[in-house]
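Here is a short tour of ring contacts and surface features in one protein model. Have the viewer open and follow along.

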Amino acid sequence: MSKLEATIRTQADLRYRISRVVDNFKKGGKDKITPSSINARIEYLDSSWKTFRNTHATLIAAQTEEFKSLDYFANDHYAECESSYFENKDALLIMRQQLSDESAPSDSLSTSTVARNAVTRALPKITLPKFSGEYNSWPAFRDLFTSMITDNSEIAPVEKLHYLKNNLLGEAAKRIANFNVTGDNFVRAWDVLVDWYENPRILITAYFDQLFRVKPLTRKSADDLKELVATVKETMGGLQPLGTTNELWDYFVVYFIANRLDADSREAWELHQESSTKSATFHQLEVFLDGRTQALEMVASRVEKPSKLSKPSTNSKAGIRSLAATTNNVGPANPSGNSAPSTTASAPNATPVNSANVLSHPGIGQSTTILATVQVHIISPQGQCISARALLDQGSELSFISEFTAQSLRITRQRATIPILGIGARSAGFTRGVLLIRIRSIPNDTEEVDVYTHVLSKLTGRILTTPIADATWNHIAGLSLADPNFAHPGKINLILGADVYARLLRPGPDALRHGDLHQPSAQNTMLGWVVSGPAGPPADIVPRTVSYQRTFNGNLDHELNEILCRFWTQEEVPSSQAARLTADEQCERHFRDTHSRDASGRYVVRLPFRTPRPPLDPLYSTACHMLRRLQRRLESGADLARLYNDFLREYEALAHMTRVGTTVSDSESSYFIPHHGVLKEGNTTTKLRVVFNGSSRTSTGYSLNDCLHIGPKQQQELFDVLFRWRRHAYAFCADIEKMYRQILVHQEDRRFQQILWSASGPPIIFQLNTVTYGLTFSAFAAIRSIKQLTYDEGDHYLDAVLILLEEMYVDDALSGADTLSHARTKASQLDQLLKAGGFTLQKWTSNDQAVLADIDSRRHAAPAPREFHDESFARALGLSWDPSGDIFVLRPRFKAASPHITKRTVLSRIAQLFDPLGWISSVTIIAKLFMQELWRIKVEWDEHLSDEFADRWREFEEELETMSITIPHWLGTSSTNLTVELHDFSDASQQAMSAVIYLRVTTPAGISITIVAAKSRVAPIMKNTIPRLELSAAVLLARLLIRVQMALKLESTSVNLWVDSSVVLAWVHGCPSRWKEFIANRVALIHELAPRQPVASNFALTPSELLAAETFWVKQTQSEYFAEELKQLSRGSSLSRSHPLLRLTPFLDEGIIRVGGRFRNAQLDPDAKHPILLPKESTLSRLLLADVHARTLHGGTQLMLTVLRQQYWILGERVPVNSYVRRCVAVEFAHH
């Protein structure tokens, strides 16, 4: 062993002993904790620390570059030991002080002193506060720290500085970060803090900031009143020592508080003062507020607390869409009144009818009312049939099913948690999901109807309390009754509400039969004749007492539901959001009715104003102010000014804007749009784009964008467009030049698109003549005009129509064909069709230049890779297409690294990784796991990460910078394919789950396999079993498969789903009803999404495959570390005498180096006689050590060596094994 290793080992031993001083001391028991023993421990601790520090200084003096890689320096063992020293010494000093207090002689103290010490011992320990640099927190921290530490003569100055540094955070810690922990530095460090935070001006400002951050109260609340008074009193308490209060202070405080009271409290305060003419004091107001607070608390305590609102399920986007759709499809918002359920909505449409159905009144004679009930068969999608009794209730907006019945059907329910109101607007709880069921008539089994039913835990009690003795009436005799047992008590399994009631009714003059005045009526429905109404004369017209009444009402709490929906979906914009159906339809209708074309074929559109239109003012003054600010900015940057002038000069030259003058017209409403420039560094054609801010609000509180419809989404997903593009062997792409600006805005609407512009001097008014960036409707207008062009001119360009409808992403066209001639025709047709609408395609690119033979070469792109990105975000993934090699190239690049890394920074970086097809999922999942780890340890958004986490993130970014991946553009599909197969794989671990899809194409020339798409997700923080995570990964794969099949139009292609879990395989092959809810729901979803899979296959490795894999990695490791030895042994020559492996007499066995020696004749297993030779530094060796250590239940060195040498011989003998054991936390914990 070298001298350096011996020294470091000695340091490690000292560090360990210093860290254990107090723990070992306490093991001796309380009897051995005496002042003398504590002093001895302190002396021992100081001596050990001194030795450690001196030795460390010697190591630092002799340090070289090689030393820095040692674990001692890399992990900063000195800092760890220093921290342990101070912690242990602090604990010993506290123990000594406690003994000193307890042993003080009581007979020499006065009575008051004894009492005071007794109280002191009874009080809990005071913890030093943390100070982060907030000025209004400084006085409290200063006084307490001074009392406990600064004025304590028994604490050494070096320890005082240690306490000070440990209790400072953030900005305050930075103030004294440059002071080393020495005795001389405490006073200087404390003075720095006092000089900085004892600034009266800043303290006064901080207290007033705190005061004026108090917002006016909006409701009468005891808690809000208490918080308001507490804040004011805290501010007054902080300002008083600063000498800022005077006789006018009361007037200000009373005025301030009174103006922040809610309306009811303000009125009560004014009434409290009655007719007094004197200004109230703060004391008077405080007394009033204390009394009002107590009164409000008393009132609140007597009011029954509402049940806690359950959070709507947000486990998936589907759940959010379900809640949003249900919220908006029910109630008055549906103008059509259509009661038939939509095939996509989560709940049916209905119109609320507030009613109650009174069944019976025991105690009022025998008066009974029969409710409309039917007997039906409920059919599940899996074909399961059960009998049920249903109640027809027009007073319910929705249909309901009991929890027991729903579970009996074993149907996968969609997530929906909807608040339900009953009579008197009382809460009836929340729904537990929604089911689609089919009900079948019992009298006529050919009559069926589909119903969306919402699950409730319990619908009602039993119908009727006693049977009706005489239920024979002539007018219903001989009818085929829907419920033959209507006169007998029974349980209700189903409530059919107004959403389905109308569909059940039979038309015709004889569809309703009435009896006498006090007899029920019969209504003909598709389920049979339904009986309802009175079953006899009332015994008492005006009952004095009613024992109970049973009511059924399923009206939605629309207000609460809207609040919940808006709260839980604020971050999500579902693609099928029902709330905007009406507005989107109006916008579409507006476009159809108002668009036109000019003489050149260009489209002219009108602005789609909302009805009624919110009020607007011109915003002229705001536009002037922003123009002056822009002019000052341009004066400081010559390049920016030149680009800005050139852009708007071109804008005017192309007639995209027109000069109006300098005078503002007051005769008609108008709007001035502020504007600013956005530099686009990587753009080859436009370095700067001027963006117009249509969201700038006017004095009325509305902006132009607030007044315009957004319009339905028209844009194709980049995910789908790229998929379709990969089908073509001959591919091309181009983009529409200035697409928005090729569409004109109607002359009457241009007054709402005015801007102010002048490079210098007074502003000049311009009108924008075209669709403008920055207005909400612009994307809809542009893409909808392109679609309209296919309707108007598409008959002559059929190939181009399909491109514009399915292969456009914003202004990019990505298409191609299987043959050169067809691709050339499609490119030519696309160019001509867009020209007919006034659009010009530029930057043409193809993987074969012959495709572009009919396109003007001046519009060809420069020979460079074509990049794709989502303009909604600043993305870092360099996804580009290299047409020369017909490959996609992925080069993720981040912008310049931030000097300070926070959780917000990490999330921003992850969001930049634009990976639409999941090709680098194996990389992005590392970043997602890192983010999840930050969540787990509860790091704040703007808190700087620790050095360990920051270094890990920087290392990830550096590795990402070096990454470059190429993927073939063409999937290999064509009309000459013999077979096309999709092979889909899913996998999961405790940390993450993933899914990937490959396309296997067989042609006469051979077989090609290409990655199509992939997805990955982090596993939930709440631990789950591996089989369940594997099942979740299989669901992820099924969803990805459906998306790929639809995009590539491969619905009839052979599909093979692969999973490496036998448990998941058994689940998927079984019926969902056999499993518990978690498994059943996911299995049912897999069956629904991927119903045509041949078999879910298992590719778990067999024993022979495992042995082959083990042999492969052994050979790989030996070839890397023993390359020269392998060459010599393979030639039959022996190693040189000086070779370190010679003593092991190695030999070659089927390409693997094994240990020779004297055991060749021993009665041992062949692997034990001649174990495989491995280097101690290899990854395989580390994995083997971890495996053996786990299999031996954290065994020691000798046990691990015994087990390991049954098959392997790791160089270094005991050293690597012993090192691994010493690093094991479980072993270290067991020893101590």
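## Aromatic pairs

This predicted model holds 28 aromatic pairs. Take Trp725 and Phe888: their ring centres are 6.0 Å apart and their planes meet at 65°, so this pair counts as edge-to-face. Trp725 belongs to helix H24 (residues 718–725) and Phe888 to strand S28 (residues 887–892), so the contact ties together parts that lie 163 residues apart in sequence. Trp725 is buried, at 0% relative accessible area, and Phe888 is buried too, at 1%.

Phe732 and Trp844 make a tilted pair, with 5.8 Å from centre to centre and 35° between the planes. Here strand S19 (residues 730–736) supplies Phe732 and strand S25 (residues 841–846) supplies Trp844, so parts 112 residues apart in sequence are tied together. Phe732 has 0% relative accessibility and is therefore buried; Trp844, at 2%, is also buried.

## A ring cluster

Which residues do ring pairs link into a cluster? They are Trp49, Phe52, Tyr78, Tyr85 and Phe86.

## Charges over rings

Two arginines are worth a look here. The charged end of Arg513 sits over the Trp529 ring, 5.1 Å from the ring centre. Arg1082 lies over the face of Phe1078, and the distance to that ring centre is 3.7 Å.

## A nonpolar surface patch

On the surface, Leu907, Trp935, Trp941 and Ile1021 form a nonpolar patch, and together they have about 380 Å² of accessible area. Leu907 is found in helix H28 (residues 903–912). Its relative accessibility is 39%, so Leu907 counts as partly exposed.

Technical notes: Residues are numbered from 1 along each chain as its sequence is written. This is a predicted model: local features need pLDDT of at least 70, side-chain atom pairs count only at pLDDT 80 or more; totals for chains, interfaces and linings use all residues. Side-chain values use heavy atoms; hydrogens and water are left out. Patches are made of residues with over 30% relative accessible area and no salt bridge: like charges are joined within 9 Å, nonpolar side chains (Val, Leu, Ile, Met, Phe, Trp, Tyr) within 5 Å. Accessible areas come from the Shrake-Rupley method with a 1.4 Å probe; for residues, only the protein chains shown count as cover. A salt bridge is a side-chain nitrogen of Lys or Arg within 4 Å of a carboxyl oxygen of Asp or Glu. Helices (H or I, at least four residues) and strands (E, at least two) are DSSP runs, numbered from the N terminus. Buried means under 20% relative accessible area, exposed over 50%, partly exposed in between (1.4 Å probe, protein chains only). Rings of Phe, Tyr and Trp (its six-membered ring) pair if their centres lie within 6.5 Å; planes under 30 degrees apart count as stacked, over 60 as edge-to-face and the rest as tilted. A charge sits over a ring if NZ of Lys or CZ of Arg is within 6 Å of the ring centre and within 35 degrees of the ring normal.
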